[in-house]
Amino acid sequence: MRTEHAYLDCERITRRQARNFSYGIRLLPAPKRHALSAVYAFARRIDDIGDGDLSREVRLKGLEDARTDLRAVESGLGPGADDAVLVALSDAAHRFDLPLGAFDELIDGCRADVLGVEYATFDALRQYCRCVAGSVGRLSLAVFGTPDRARDEPVADDLGVALQLTNILRDVVEDRARGRVYLPADELAHFGCTLDRRDDGTAADDPADLVALLEFQAARALEWYERGLRLLDVLDCRSRACCAAMAGIYRRLLTRMALRPSEVLRGRTSLPDWEKALVAGVALAGGAP
């Protein structure tokens with residue numbers, strides 16, 4: 001498969017399956033847009049394996065297969081010629097010196113999802129967030145470019161934590177229905193919440209306790225955005241716009257959940273397409289996310 005065709009396939013995957021992020025990726029010049037699309041397409045592949053409906057054993061095997069593909073790309077042995085995502089990722093890794101080992105952390109995080117790992121404290125949850133989102137942040141930073149990658153990677157990690165905490169709040173009802181609880185056990189106990197559901201599907205916890213819990217989680221996530229958005233200061237204009245758009249969409253989503261925590265309990269909160277486009281436009285004009 002020709003490399004340019006592989007990149008186009010990755011862009012289609014990103015627009016279709018990572019719609020929030022795609023608004024920011026479109027703001028990049030073509031070489032960076034192609035590379036970041038390849039990164040997100042492979043990350044989406046890993047996520048889809050972990051979130052799939054197949055048996056635990058099949059999903060764990062799929063994650064290890066993805067790790068094997070990663071090693072082939074990393075060693076330059078050459079991915080399958082008909083696998084657009086691997087072809088594009090291999091080219092992007094060469095052009096932008098991608099830290100491909102970060103994908104191993106994403107795979108480890110998805111393994112934890114498959115195994116049903118729960119988190120006793122926020123420190124444990126933070127490490128999970130760094131695996132599944134901070135890893136993609138470091139890969140994105142390589143595409144964006146920075147004068148001092150080692151200095152700026154921890155800030156990219158912080159922004160990844162903010163984004164993942166937003167995901168956790170957005171999906172708290174859906175995740176609980178699937179048997180997954182990400183919120184720290186000690187904090188659930190502090191607020192007197194279990195996230196259990198009654199037979200009729202309603203929350204077993206006191207609504208006031210749940211709202212207090214969600215308000216606390218949202219306030220902390222906003223603090224992580226304050227840390228992570230320092231990354232914008234070291235990026236070039238178009239990379240800054242991309243990062244600001246992606247973070248801005250998620251931050252606005254978090255703000256909406258913080259203002260109306262009771263809505264989180266009724267299902268996934270989302271932004272309309274026009275609002276995402278507005279955030280992207282403001283970012284491209286140099287505005288704050």
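A salt bridge here is a side-chain nitrogen of Lys or Arg within 4 Å of a carboxyl oxygen of Asp or Glu. The legends below go with close-ups of a predicted model.

**View 1. Arg 138 and Asp 157, a buried salt bridge.** Here Arg 138 pairs up with Asp 157, and their closest N and O atoms sit 2.3 Å apart. Arg 138 belongs to helix α7 (residues 122–144) and Asp 157 to helix α8, so this pair ties together parts that are 19 residues apart in sequence. Neither end is out in the open: both Arg 138 and Asp 157 are buried.

View 2. Staying with helix α8, which runs over residues 149–170, we find Asp 152. Arg 151 comes out as partly exposed, at 45% relative accessibility, whereas Asp 152 is buried. The Asp 152 side chain also makes a polar contact, at 2.2 Å, with the side chain of Thr 146. Once residues up to four places away in sequence are set aside, Asp 152 touches Leu 141, Thr 146, Leu 231 and Val 234.

**View 3. Arg 33 and Glu 11, a link between helices α3 and α1.** Side chains of opposite charge can pair when their charged atoms come close. In this view Arg 33 forms a salt bridge with Glu 11, the closest N and O atoms being 3.1 Å apart. Arg 33 is part of helix α3 (residues 30–51) and Glu 11 is part of helix α1 (residues 3–17), so the bridge ties together parts that are 22 residues apart in sequence. How do the two ends compare: is Arg 33 buried, exposed or partly exposed, and is Glu 11 buried or exposed? Arg 33 is partly exposed, with a relative accessible area of 21%; Glu 11, at 10%, is buried.

View 4. Elsewhere, bridges that share partners join Glu 64, Arg 67, Arg 71, Glu 74, Asp 104, Asp 108 and Arg 111 into one network.

**View 5. Cysteines without a disulfide.** The model holds zero disulfides. Take Cys 10: the nearest cysteine sulfur belongs to Cys 242 and lies 15 Å away, and Cys 10 is in no disulfide. Cys 10 counts as buried, at 0% relative accessibility.

View 6. Trp 274 is found in helix α14, which covers residues 273–284. With a relative accessible area of 59%, Trp 274 is exposed.

Notes: Residues are numbered from 1 along each chain as its sequence is written. This is a predicted model: local features need pLDDT of at least 70, side-chain atom pairs count only at pLDDT 80 or more; totals for chains, interfaces and linings use all residues. Side-chain values use heavy atoms; hydrogens and water are left out. Helices (H or I, at least four residues) and strands (E, at least two) are DSSP runs, numbered from the N terminus. A polar contact is a pair of N or O atoms within 3.5 Å; within protein, one must be able to donate a hydrogen and the other to accept it, and residues adjacent in sequence count only if both atoms are side-chain atoms. Contact means heavy atoms within 4.5 Å. A disulfide is a pair of cysteine sulfur atoms within 2.5 Å. Buried means under 20% relative accessible area, exposed over 50%, partly exposed in between (1.4 Å probe, protein chains only).
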